[in-house]
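Hi,

Here's the structure I promised to pass on.

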Amino acid sequence: HTNSVYKIIELKNKYLASCSEDKSIIFYLKDKDKYLKDYHISTNGPCNCIIQIKENEICYAERFNNDGNNNKIHFFDINQRKIKSLISNISKSWLSPFIMISKELLCIFGDNKISIINVNEYKLIKIINVPNSSWIQGACILNENILLTGDNKLSIRMEN
């Protein structure tokens with residue numbers, strides 16, 4: 001990369017993937033005990049979050065300007081090396097983090113909102129407004145049905 005690296009993930013198919021401010025995602029293939037750069041994709045804007053959503057598919061966020069307008073969520077097929085689908089204008093701020101809350105539901109956090117996406121249909125299905133929160137910066141699933149979020153105002157919240 002030629003600029004800040006925001007996220008690195010280990011994929012289930014012998015790959016690592018990294019996304020960056022430099023508008024790229026790089027895929028590294030495991031070769032014995034090391035990873036070698038295999039290929040990269042260019043994005044239209046800085047990429048700050050990436051997650052594996054299916055065996056051969058990732059989802060990543062792409063930002064188009066500093067105020068976050070026109071953010072896009074892309075669904076990328078690793079084997080075919082092409083974008084399968086996208087969702088536009090999901091948030092007006094940086095989107096982070098991404099977490100899978102089930103095999104088909106993805107949670108994306110940003111600007112006082114939790115966006116829930118069905119990854120099989122590539123469709124936004126619900127937005128949860130989080131009161132008194134400025135920016136959700138961390139999240140996890142507890143006991144398979146409780147969503148915990150942490151924000152920059154030092155709050156941790158529970159959502160069913």
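Below is what turned up, starting with a hairpin and ending with the cores.

Keep in mind that this is a predicted model, where local features need pLDDT of at least 70 and side-chain atom pairs count only at pLDDT 80 or more, while totals for chains, interfaces and linings use all residues. Residues are numbered from 1 along each chain as its sequence is written, and side-chain values use heavy atoms, with hydrogens and water left out.

Strand 7 (residues 72-77) and strand 8 (residues 82-88) run antiparallel, joined by six bridges. (Strands are DSSP runs of E, at least two residues, numbered from the N terminus; two of them pair if DSSP finds at least two bridges between them.) K72 sits opposite S88 of strand 8. Four residues lie between the two strands, and R81 in that turn has a positive phi of about 55°.

Now the cores. A nonpolar core is a set of buried Ala, Val, Leu, Ile, Met, Phe, Trp, Tyr and Cys residues joined through side-chain atoms within 4.5 Å, and buried means under 20% relative accessible area with a 1.4 Å probe, protein chains only. The largest one has 16 residues, and C59, I73, F75, F98, L106 and I108 have the most contacts inside it. Strand 5 (47-54), strand 6 (57-62), strand 7 and strand 10 (105-110) each give two or more residues to this core. Strand 5 gives the most, with three. There's also a second, separate core of 15 residues, including Y15, Y39, C47 and I58.

Cheers

Methods
Buried means under 20% relative accessible area, exposed over 50%, partly exposed in between (1.4 Å probe, protein chains only).
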